[in-house]
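This report describes selected helices and backbone features of one model. The sequence and structure come first, and the notes follow.

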Amino acid sequence: MELGLGDKVALVTAASRGLGFACARAIATEGARVAICSRSLERIGMAAAQITKETGIDVLGVDADITSPDDVGRLVRTVAQNFGPIDILVINTGNPPAGRLLDTSDTDWETGLSLCLRAPITLIRHVLPAMVERRFGRIIFLTSAFACQADERHVISSTLRAGVHLLAKSLAREYGQVGIRVNALAPGYFDTPLLRESAERESGRSGTPVSELLATWAAFAPARRLGSPSDLGTFVAYLCSPLADFIHGVTIPVDGGLVQ
């Protein structure tokens, strides 16, 4: 399907693998010029090269820590210098520390706050003015199903990402009249390297085989499977397109029915 993204510039954060990578690849497939970032120069360079090879689109890989305001400023300037102002911003931040309330420390909460809230706010402050000036923009937050249906084992994620949903709603109310569309997607269990690493850690603690853990997590959703990253990536590309212009200011679970 032609989604009309050929003249757009997109930035997808935390995109060296997993859901961020899938979003960047789907947007590039539609012809947009795409920049991606992660903390690892080697990994982001490999990811950019892979998407370029698969799509024929020149993808820019930038090493940047989005929890660093200086890095965010450098990242946005680098994209502008290479491609022009950013039209599409997909904010993926990875996961904050897991654990129940009494198992988490002040440091864990500070890490989560920096990752889940401060980083998105800093990114938006850098990107939003140019969107307002051009009267066009797409901002998509990737959060978690745990922000829609709290999970006591992931109390930091549930708490802070629920705040991100209200940030998205606030931005949508303020900037919808100037052509900027803002939405949040709340993924459930997806078959990503990060999920498999989590399964390996849990297997080491509990002795439960990784395959059994993955099957258990897949069974939490009525769809009875783990999501494929492409399930999310193609939906993000659609939300960036004119076809989704009236989808605005909402949080959409993409979770196989997990959220009740």
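## The end of helix H2

Helix H2 is followed by Gly-56, whose phi is positive, near 80°. Helices (H or I, at least four residues) and strands (E, at least two) are DSSP runs, numbered from the N terminus. The model is predicted: local features need pLDDT of at least 70, side-chain atom pairs count only at pLDDT 80 or more, and totals for chains, interfaces and linings use all residues. Residues are numbered from 1 along each chain as its sequence is written, and side-chain values use heavy atoms, with hydrogens and water left out.

## Length and faces of H2

H2 covers residues 41-55, and its 15 residues should span 21 Å at 1.5 Å a residue; the expected span is 1.5 Å times one less than the number of residues. The end C-alpha atoms are 21 Å apart, which agrees.

Ile-44, Ala-47, Ala-48 and Ile-51 are the buried residues of H2 (buried means under 20% relative accessible area, exposed over 50%, partly exposed in between, with a 1.4 Å probe and protein chains only). Seen down the helix axis, the buried residues fall within an arc of 100°, so they line one face of H2; the arc is that of the directions from the helix axis to the C-beta atoms. The face turned away from this buried side carries the exposed residues Glu-42, Met-46 and Lys-53. Helix H1 (18-29), strand S2 (33-38) and strand S3 (59-63) are among what covers the buried residues, where contact means heavy atoms within 4.5 Å.

## H1 against H2

The axes of H1 and H2 come within 10 Å and cross at roughly 35°. Axes are lines fitted to C-alpha atoms, for helices over the stretch in contact, and angles run from 0 to 180 degrees between N-to-C directions.

On the H1 side, Phe-21, Ala-24, Arg-25, Ala-28 and Thr-29 meet Ala-47, Gln-50, Ile-51, Glu-54 and Thr-55 of H2. These contact residues divide into five nonpolar, three polar and two charged (Ala, Val, Leu, Ile, Met, Phe, Trp, Tyr, Cys and Pro count as nonpolar, Asp, Glu, Lys and Arg as charged, and the others, Gly among them, as polar).

## Two loop residues with positive phi

Most residues other than glycine have a negative phi. Ala-14, not a glycine, has a positive phi of about 50°. Ala-14 lies in the loop between strand S1 (9-12) and H1 and is partly exposed, with a relative accessible area of 27%.

Arg-135 also is not a glycine and has a positive phi, of about 55°. Its place is in the loop between H4 and strand S5 (137-142), and at 52% relative accessibility Arg-135 counts as exposed.
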